[in-house]
Amino acid sequence: MLSVTTFPPWAWEVYAKTCVQSMIDLWPGPVRVYFEGSAPPAIKGAELRPLDEIEERTKFLNRTIPKRPGFLWDVKRFCHKVFSQLDTISDGETFWWIDADVLLTGPVPEDLIEQVEAVTFLGRDSYTETGLVGFNPAKHPDFDYFKQAYRSMYTECLIASLPYWTDCHAFDAARQGMGENLTPSGRGFDNVMEQSKFGPYMTHFKGPRKAEVRRLG
């Protein structure tokens, strides 16, 4: 099953190169990387797709959206991830999104990545941790509803009507309670990946921990 990621250009040498390589080595399926601007150095074993060719993303980036202080309203920063996901969804293939600051630490078993619900996610009682999300357009009857709602958050700028403007909040608003929550005991801003069934196989180097990846690589 396909895994997909993206990252800003500056992140390649800091963490993305090491984390993407771990996906290539340890994920039981193909790997797709969406890149901004110039392509990173050739990555053997990964498919590269340019974000700049996604027209809906370009239109969104050209929108005038009132700025608000704080990362929770930095909507254009987080939109690259969503447009990467939407582009992959258009292929109709079931896949997993993995943030590029997630380091795989062991071979992921194939039976672990099977999906039943429209989406599979790491839940918390605040908002979803979207460092790992499963999308199931190929097999679930409710997925089309989710897809349209998720896309509209950006193409119609409905995200601006939400209290917060990250991809996490857009995802939660679009899924309307549907999907499989892998971490129902997640609380606050917990880094919940370690609480999930994926915990033995991957680590999420969130926030300032990203710099640790360079030392591991």
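This is a predicted model: local features need pLDDT of at least 70, side-chain atom pairs count only at pLDDT 80 or more; totals for chains, interfaces and linings use all residues.

Q: Before we get to helix pairs, what makes a crossing left-handed or right-handed?
A: A crossing is left-handed if the near helix is turned anticlockwise from the far one by less than a right angle, and right-handed if it is turned clockwise.

Q: Okay, so which hand does the crossing of α4 and α5 have?
A: That crossing is right-handed. The helices are α4, residues 143-155, and α5, residues 167-175, and they pack with their axes 8 Å apart at an angle of about 140°.

Q: Why is that pair called oblique?
A: Over 145 degrees would count as roughly antiparallel. The angle here is about 140°, and α4 and α5 are therefore oblique to each other.

Q: Which residues meet there?
A: From α4 you have Tyr145, Phe146, Ala149, Tyr150, Met153 and Tyr154. On the α5 side they meet Asp167, Ala170, Phe171, Ala173, Ala174 and Arg175.

Q: Is α5 itself buried or exposed?
A: Nine of its nine residues are buried, so α5 is largely enclosed by the rest of the structure. Among them are Cys168, His169 and Asp172.

Q: What covers those residues of α5?
A: The cover includes α3, β6, β7 and α4.

Q: Switching to the sheet: what order do the strands come in?
A: The order is β3-β2-β1-β4-β7-β6-β8, seven strands in an open sheet with mixed pairing. β3 (46-50) and β8 (180-181) stand at the edges with a single partner strand each, so one side of each has no neighbour in the sheet.

Q: Where does α3 sit?
A: Helix α3 (residues 75-89) packs on the sheet, where it touches β1, β2, β3, β4 and β7. Its direction makes about 165° with that of β4.

Q: Last one: what's covered in β2?
A: Both faces. Side chains in a regular strand alternate between the two faces of the sheet. In β2, Val31, Val33 and Phe35 are on one side, Arg32 and Tyr34 are on the other, and all are buried.

Q: And how many bridges pair β2 with β1?
A: Five, in the parallel sense. Thr6 stands opposite Tyr34 in β2.

Note on methods: Residues are numbered from 1 along each chain as its sequence is written. Side-chain values use heavy atoms; hydrogens and water are left out. Axes are lines fitted to C-alpha atoms, for helices over the stretch in contact, and angles run from 0 to 180 degrees between N-to-C directions. Helices (H or I, at least four residues) and strands (E, at least two) are DSSP runs, numbered from the N terminus. Angles under 35 degrees count as roughly parallel, over 145 as roughly antiparallel, 65 to 115 as roughly perpendicular and the rest as oblique. Contact means heavy atoms within 4.5 Å. Two strands pair if DSSP finds at least two bridges between them. Buried means under 20% relative accessible area, exposed over 50%, partly exposed in between (1.4 Å probe, protein chains only).
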